[in-house]
Amino acid sequence: MKHQLRLYFTILSTVLFLSCNKEKNDLIYETQIAKVEPIIGELEVSGRVKANDTKKIFIDKKLKVKSVFIQEGDYVEKNQLLITFDNNELNKLKRNIKQEKILLEKLEREYKIEQELFKIGGSPKNTSLELKEQIDVKKLALLTLEEDLLETKEEIKSPVSGTITKLLAQENYSVNTDEPLLTLTDLTNIKIILEIPEYEVEDIEINQKVEIKPELFEQKNSYKGYISRISKISRTSKNTSENVLEAEVQTNEKIQKLVPGFKVSATIYIDSKTNGILISKTALLFKDNKYIVFVVNNNNILEEREVSYNVLKGNKIHITSGIQKEEKYILFPTEDLIEGMEINS
């Protein structure tokens, strides 16, 4: 009888022990299946939309602006009148040119007369030479005035069709010759420029696939494209103050309502051209000085697996040992999970 009681309590203890180790967790855990995929890293970057065709209009003389017929944001057609200048300077130049031409003609007549007199001995040679020098000086002065006239604009017409994106000209004020009077931009011809941090440049190549998310759409819409050009010169980013290279992106389709100055976010896909088992980085848990992943078996029981992996750019890791393809794993493990626990998934 005592032997039977001892056997009964032994069995009961074993059942209780197994029950504790297979305690069911009523929480529902999100899981994913480990898949063999191309080993593609992801690099998150930011950028801006820029115009491909921008024309800055300068003038060479400090002229006074008479009338401005446009304002920033206006669309203008090619050859449309944009600005006129006060014509006082222009009229003064024309009068000076006319006066110099009259004086030049007078000197040339006198020179011819002196030449004829010199032939018959009625005038010294020096007189003709002095007149010839005066004629040369007048011609140079006239040439300078005519060049000045060419630089003295009466008006400015648009060289192309486009949108006025910057306007500095003001009526009744003289222009600043060091800055453009206005900037014209073709808003239908734009490009997307991404900033690549210098420590990421070695992974970036021409034709890499890119996914663009304009902030215009609150990053809800995405557009596929590829890197078409990578700058050879670094610059300092205005956003992060770090050294960056600029990469130009061509999208597979036109993005409506996108204009120069708009910000974009982008994901660059870095392909190693090999396959492997990839899982989410969020599945990793650091425990007892090792990285583990909780695998869910066919009975919904947790198995604790120590894993080896390679870090990829982006939100995935490449598993080199510890998990097999098609195994189910916990996507967001917590510290209270233990091996042998039954879960809902």
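Three bridges join strand E7 (residues 81-85) to E8, and the two run antiparallel. Helices (H or I, at least four residues) and strands (E, at least two) are DSSP runs, numbered from the N terminus. Two strands pair if DSSP finds at least two bridges between them. Thr-84 has Glu-155 in E8 as its bridge partner.

The model is predicted: local features need pLDDT of at least 70, side-chain atom pairs count only at pLDDT 80 or more, and totals for chains, interfaces and linings use all residues. Residues are numbered from 1 along each chain as its sequence is written, and side-chain values use heavy atoms, with hydrogens and water left out.

E7 and E8 belong to an open sheet of three strands, in the order E5-E7-E8, with antiparallel pairing. Strand E5 (65-68) and strand E8 (155-157) are at the edges with a single partner strand each, so one side of each has no neighbour in the sheet.

Helix H2 (residues 88-119) contains Lys-92. Lys-92 is partly exposed, at 47% relative accessible area (buried is under 20%, exposed over 50%, partly exposed in between; 1.4 Å probe, protein chains only). From Lys-92 to Leu-149 the C-alpha distance is 9.8 Å, across 57 residues in sequence.

Now the largest pocket. Among its 17 lining residues, Ile-40, Lys-209, Tyr-269, Ile-270 and Asp-271 lie nearest its centre. E16 gives the largest share of the lining, five residues. The classes are tabulated below.

| Lining class | Count |
|---|---|
| Nonpolar | six residues |
| Polar | two residues |

Conventions. 1 Å grid on protein atoms, 1.4 Å probe; cavity = no way out; pocket = protein on both sides within 12 Å on 5 of 7 lines; lining within 4 Å. Nonpolar A, V, L, I, M, F, W, Y, C, P; charged D, E, K, R; others polar.
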